Amino acid sequence: MAQVLVIGDDLTGSNATGALYARRGLRAVTIGALTRWERYADRVDVLVVNTASRHWPPARAYAAVRAAVETAGATPLIVKRVDTTLRGNPGSELDAVLDALAAREPSAPIRTLAVPAFPDAGRTTVGGLHLVDGVPLTRTAVARDPFDPVRHSRVAAVLGTQSRRTTGELALDVVERGPEAVAEALRANRAEVMVCDATENAHLQTVAAAAARLAAEDHIRWVALDSGPFGAALATELGLRSEGGAPVRILAVVGSVTDRTRTQLARTETALGARWVDLDPADPDPDRVVAALRAAARENAAVLGVRVAPAPATTATGTASACDPGTAARILRCLSEVARRAVAELCPGGLYASGGDVAAAVTAALGADGFAIETEVLPLAVAGHLVGGPHDGLPFATKGGLIGGPDAARDCLEHLRAAGTRRTLRATPSAG
């Protein structure tokens, strides 16, 4: 059965939101007719229902969304997807979700987290005001939208024109203090809908972690009102996993030691729970590294990685080879040997390599003829699969150490997880 029900109000946004869950290893499908629900009920983890109701009168939009919730039945998480600029009927459609859920679970403590921020798209929320590239909504083109002009920049005001629910606001400085502070604030303010500030992906993760804590400790039944990424983060923090099997494991081999790479890898730890084993550049030992990866795999880590610990001799470009070619060669041999043994033993569903020399060495160590390019995850970071050899078809992504922003490695790993999930499902007849 579906773990998450997402209700969107237009097809483009619905599909884009489904993709965010797929990148987290969940099987997602978008449907436009409720009569098709049963066809997919046992085949997906995330059902995205597009009601196409953005430009409808509020009462009609309410009826469509409530019918979607009632038809889909019980799911652990319900997400009301809203436009990134809050156009449409966000208040009426939220009420429809909450009314249907309250009728089904009358004794459940139901609350909503309204987190419309989509930092990667330039949508942020600060002081309760929703911004597009730093500009309040009422000073952007959406204020003059011919179909649905947005009259307010404050999220609570937008909702309040249609919703009957009480609202509260969670300030950015509280979010900055971490999940424990957010959990305390959510306990202190009992408003039915809490509008949460967020300006970066880490803030979404912080609020999601706090919500998961309250779900476990206080048995709160959370509903998410968001534009895509927060709901996906909440699903992960609530522990929702693909019913098609265990999450696809990704192996990462990183040779770059630039500051940018270290920042990117730190983001994967907070966003994906990645486990990294440091390789000592003075004593590169594949046995020790593989043993540590094996231990992390036993603890069910979905992203396992080896990275080179920074050495004093590292240059400004992050390459040890410039000052000691012999050390660099030993590190490269160790990384390729680790990749060969870890792929054979741990059977990852995808492989990530950072650094051109590392990618070439790993490809050779796995006995592949080469790398089939399928897409560019971000500029100068490509993904595809290995061709030839015993691991033909294994999803593979590579990126330079100086390429991309703080979330670049996370984006590559999430892409691989989605690709690995699709590959697994194609090989499983019961998946439909």
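Author: Two residues are in contact when heavy atoms of theirs lie within 4.5 Å of each other. In this predicted model, Arg-341 touches Pro-286, Asp-287 and Val-290, leaving aside residues up to four places away in sequence.

Reader: Where is Arg-341 found?

Author: Arg-341 is in helix 12.

Reader: Why is Arg-341 called partly exposed?

Author: Its relative accessibility is 23%. A residue is buried under 20% and exposed over 50%, and 23% falls in between, so Arg-341 counts as partly exposed.

Reader: What makes the pair of Arg-341 and Asp-287 a salt bridge?

Author: Their closest N and O atoms are 2.8 Å apart. The cut-off is 4 Å, between a side-chain nitrogen of Lys or Arg and a carboxyl oxygen of Asp or Glu, so this pair qualifies.

Reader: At what angle do helix 11 and helix 12 pack?

Author: Helix 11 (residues 286–298) and helix 12 (residues 325–346) pack at about 35 degrees, and their axes are 9 Å apart. Their crossing is right-handed.

Reader: What makes Arg-307 and Glu-269 a salt bridge?

Author: Their closest N and O atoms are 3.9 Å apart. The limit is 4 Å, so the pair is counted. The two belong to distant parts of the chain, 38 residues apart: Arg-307 in strand 14 (residues 303–308) and Glu-269 in helix 10 (residues 259–272).

Reader: Is Arg-307 buried or exposed?

Author: Buried: its relative accessible area is 12%, and the cut-off for buried is under 20%. Glu-269 has 34%, so this residue is partly exposed.

Reader: Why does the salt bridge of Arg-187 with Asp-218 tie parts of the chain together?

Author: The closest N and O atoms of Arg-187 and Asp-218 are 2.7 Å apart. Arg-187 lies in helix 7 (residues 179–188) and Asp-218 in the loop between helix 8 (201–217) and strand 11 (221–226), so the pair joins parts 31 residues apart in sequence. Arg-187, at 30%, is partly exposed, and so is Asp-218, at 27%.

Reader: How many salt bridges are there by this rule?

Author: The count is 29. Some are linked in a network made of Asp-9, Asp-10, Arg-54, Arg-81, Asp-83, Arg-87 and Asp-145.

Reader: How do you know that helix 4 is largely enclosed by the rest of the structure?

Author: Of its 15 residues, 12 are buried, so helix 4 counts as largely enclosed. Among the buried residues are Pro-90, Leu-94, Val-97 and Leu-101.

Reader: What span should helix 4 have?

Author: At 1.5 Å a residue, the 15 residues of helix 4 (residues 90–104) should span 21 Å. The end C-alpha atoms are 21 Å apart, which agrees.

Conventions. Residues numbered from 1 in each chain as written. Predicted model: local features only at pLDDT ≥ 70, side-chain atom pairs only at ≥ 80, totals over all residues. Heavy atoms only, no water. Axes fitted to C-alpha atoms, helices over the stretch in contact; angles between N-to-C directions. Helix = DSSP H or I, 4+ residues; strand = E, 2+ residues; numbered from the N terminus. Left-handed = near helix turned anticlockwise from the far one by under 90°. Expected span 1.5 Å × (residues − 1). Buried < 20%, exposed > 50% of the residue type's maximum accessible area, 1.4 Å probe, protein only.
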